[in-house]
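Here is my note on the model you sent. Please read it with the structure open beside you.

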Amino acid sequence: DAESGWQTAFNMVSSMMGTIYLSGRIPYADGLNMTLIGRAIALYKRNRPILMNACPVYPEGIMTMRQDGWTSMGLLDSHSGKLLLAVWRMRDGTPTHTVDLSKYLTDKSRIVMKYPDLPGFEYSLNDGKLTVTLPVSDPNAACWFEIDI
C-alpha cells in the first residue's frame with residue numbers, strides 16, 4: 001500500500017546508499033510520500049561530505065536483493081566518526097531482526113534513527129546489537145540510521 005509510505009521509504013533508503021536518482025510519477029505522490037521523498041533528499045544532501053569519504057561495510061555479509069529476509073549495509077567514514085546504516089526487510093522476512101554492530105561501535109557510540117519515522121517501526125541498541133522491528137503488513141521495508149562511532 002503506497003499510502004503507508006513504506007514502499008517509498010524502501011526505495012529512498014536504497015537510493016541514499018548510492019546516488020539518488022528519482023524517476024517515475026513523482027508529481028502524483030500523495031502528501032505523505034512527497035514528504036518522505038523530500039526528507040530523504042534533505043538527509044542525503046546533509047550527509048554528502050560523509051558519503052564522499054565513506055567505505056562500505058556489510059555487518060551481515062552480502063545479500064542479493066532477490067533473497068528473502070533481512071540485510072544491512074553501512075557507509076563508514078572514519079574521518080567524521082560516522083556510520084550511516086541502512087537496514088532492509090525483503091518479502092518474507094520476520095517482523096524483527098538483530099544486526100550485530102559491535103565491531104563498529106565503542107562504549108560512547110550513539111545511534112539515531114533518521115528515516116523514515118513511520119508507524120510500526122521500533123529499534124533498540126543493546127551490547128552492540130541493533131534490534132529493528134518493521135511493520136508486518138508491508139513485505140518490503142527499510143530504515144536509515146546515523147551512528148556516531
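1. Terms first. Helices (H or I, at least four residues) and strands (E, at least two) are DSSP runs, numbered from the N terminus. Contact means heavy atoms within 4.5 Å. Axes are lines fitted to C-alpha atoms, for helices over the stretch in contact, and angles run from 0 to 180 degrees between N-to-C directions.

2. Ground rules. This is a predicted model, in which local features need pLDDT of at least 70 and side-chain atom pairs count only at pLDDT 80 or more, while totals for chains, interfaces and linings use all residues. Residues are numbered from 1 along each chain as its sequence is written, and side-chain values use heavy atoms, with hydrogens and water left out.

3. The five-stranded sheet. The strand order is β1-β2-β3-β8-β5, in an open sheet with antiparallel pairing. Two strands pair if DSSP finds at least two bridges between them. β1 (55-57) and β5 (110-115) are at the edges; each has a single partner strand, so one side of each lacks a neighbour in the sheet. On average, neighbouring strands of this sheet are turned by 25 degrees against each other, direction ignored.

4. Pairing within that sheet. β1 and β2 (residues 69-77) are antiparallel and share three bridges. C55 sits opposite L76 of β2. Nine bridges link β2 and β3, again antiparallel. There, M73 has A86 in β3 as its bridge partner. β3 and β8 are joined in the antiparallel sense by eight bridges. L83 faces I147 in β8. The hairpin of β2 and β3 has four residues between the strands, and G81 takes a positive phi near 75 degrees in it.

5. How enclosed is β3? Nine of its nine residues are buried, so β3 is largely enclosed by the rest of the structure. Buried means under 20% relative accessible area, exposed over 50%, and partly exposed in between (1.4 Å probe, protein chains only). Both faces are covered. One side carries K82, L84, A86, W88 and M90; the other carries L83, L85, V87 and R89.

6. Helices on the sheet. Helix α1 (residues 6-16) lies across β3 (82-90), β5 and β8 (141-148). It runs at about 45 degrees to β8. Helix α2 (residues 31-46) also packs on the sheet, where it touches β5 and β8. The direction of α2 makes about 135 degrees with that of β5.

7. Burial of α1. Eight of the eleven residues of α1 are buried, so please check the list against your view: W6, T8, A9, F10, M12, V13, S15 and M16. Their cover includes α2, α3 (48-53), β3, β5 and β8.

8. The largest pocket. Its volume is about 200 Å³. A pocket is defined on a 1 Å grid over the protein atoms alone, as an open set of points where a 1.4 Å probe fits, with protein on both sides within 12 Å along at least five of seven lines; lining residues have an atom within 4 Å of a point. Grid points are joined across faces, edges and corners, and the volume is the space filled by probe spheres set on the points. Of the 13 lining residues, T8, N11, S23, I26 and I37 are the closest to the centre. α1 and α2 are the elements that give two or more residues to the lining. The largest share, four residues, comes from α1. By class, the lining has seven nonpolar, five polar and one charged. Here Ala, Val, Leu, Ile, Met, Phe, Trp, Tyr, Cys and Pro count as nonpolar, Asp, Glu, Lys and Arg as charged, and the others, Gly among them, as polar.

9. The three-stranded sheet. This open, antiparallel sheet has the order β4-β7-β6. β4 (96-100) and β6 (122-126) are the edge strands, each pairing on one side only. The twist averages 15 degrees from one strand to the next. Five bridges join β4 to β7 (residues 129-133). H97 has V132 in β7 as its bridge partner.

10. Two residues to look at. P59 is in the loop between β1 and β2. It counts as buried, at 16% relative accessibility. Leaving out residues up to four places away in sequence, P59 touches S72, M73, G74, L85, V99, D100, L101 and Y104. T71 lies in β2 and is buried at 6% relative accessibility. With the same exclusion, T71 touches E60, G61, M63, A86, V87, W88 and M90.
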